[in-house]
Amino acid sequence: MYLIVWEFRVKKGREREFEKIYGAGGGWTELFESAGGYLGTELGSDAAEPGRYLTLDRWSSRRAYEEFRRAALPRYEALDRICEELTEQESRLGSFEVADPVKT
């Protein structure tokens, strides 16, 4: 499995909009679900720091993610531009190869 972790600092008052577009059934998951190899996204909010969120995007492999990015680049960039107005900061914390994912 391939895991991509993002951190976001959301503008005050825009949290609900952010949660809607980054959460289950939102614009990002709809875009990702159009690709083979997408396994899901987890959205978490920091209990101690309002406005701070993490997303964990799960893909079957790095190759599946890279193929998706190439194929969906225009749609990806368009959605990213729309979402920029919701955040003060966006940081990619890393990409990880998960050798033995936990089964749920």
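What follows is a short exchange on the sheet, the helix across it and the salt bridges of this predicted model.

User: How do you know which features of the model to count?

Analyst: The model is predicted, so local features need pLDDT of at least 70 and side-chain atom pairs count only at pLDDT 80 or more, while totals for chains, interfaces and linings use all residues. Residues are numbered from 1 along each chain as its sequence is written, and side-chain values use heavy atoms, with hydrogens and water left out.

User: What makes strand 1 and strand 4 a pair?

Analyst: Two strands pair if DSSP finds at least two bridges between them. Strands are DSSP runs of E with at least two residues, helices are runs of H or I with at least four, and both are numbered from the N terminus. Strand 1 (residues 2-10) and strand 4 are joined by nine bridges. Nine against at least two: they pair, and they run antiparallel. Arg 9 stands opposite Gln 89 in strand 4.

User: What joins strand 3 to strand 1 and to strand 2?

Analyst: Eight antiparallel bridges join strand 3 to strand 1. Leu 3 has Arg 58 as its partner in strand 3. Seven bridges, again antiparallel, join strand 2 to strand 3. There, Tyr 38 is partnered by Trp 59. Six residues lie between the strands in the hairpin of strand 2 and strand 3, where Gly 51 takes a positive phi near 90 degrees.

User: Why are strand 2 and strand 4 called edge strands?

Analyst: The open sheet has four strands in the order 2-3-1-4, with antiparallel pairing. Strand 2 (38-45) and strand 4 (87-97) each pair on one side only, which makes them the edges. From one strand to the next, the twist averages 15 degrees.

User: How does helix 3 lie against the sheet?

Analyst: Helix 3 (residues 62-84) lies across strand 1, strand 3 (52-59) and strand 4. Contact means heavy atoms within 4.5 Å. The helix runs at about 175 degrees to strand 4. Axes are lines fitted to C-alpha atoms, for helices over the stretch in contact, and angles run from 0 to 180 degrees between N-to-C directions.

User: Why is the Arg 14 and Glu 17 contact called a salt bridge?

Analyst: The rule asks for a side-chain nitrogen of Lys or Arg within 4 Å of a carboxyl oxygen of Asp or Glu. Arg 14 and Glu 17 come to 2.6 Å, N to O, so the pair qualifies. The structure holds nine salt bridges.

User: What does the salt bridge of Glu 85 and Arg 14 tie together?

Analyst: Its N to O distance is 3.2 Å. Glu 85 lies in the loop between helix 3 and strand 4, and Arg 14 in the loop between strand 1 and helix 1 (15-22), so the pair ties together parts 71 residues apart in sequence.

User: Why does Arg 14 count as partly exposed?

Analyst: Buried means under 20% relative accessible area, exposed over 50%, and partly exposed in between (1.4 Å probe, protein chains only). Arg 14 has 22%, so it is partly exposed. Glu 17 at 39% is partly exposed, and so is Glu 85 at 44%.

User: What links Glu 42 and Arg 58?

Analyst: A salt bridge, with the closest N and O atoms 3.2 Å apart. Glu 42 sits in strand 2 and Arg 58 in strand 3, 16 residues apart. Glu 42 is partly exposed at 41%, and Arg 58 is partly exposed at 23%. Salt bridges that share partners also join Glu 7, Arg 9, Asp 46, Glu 49 and Arg 52 into one network.
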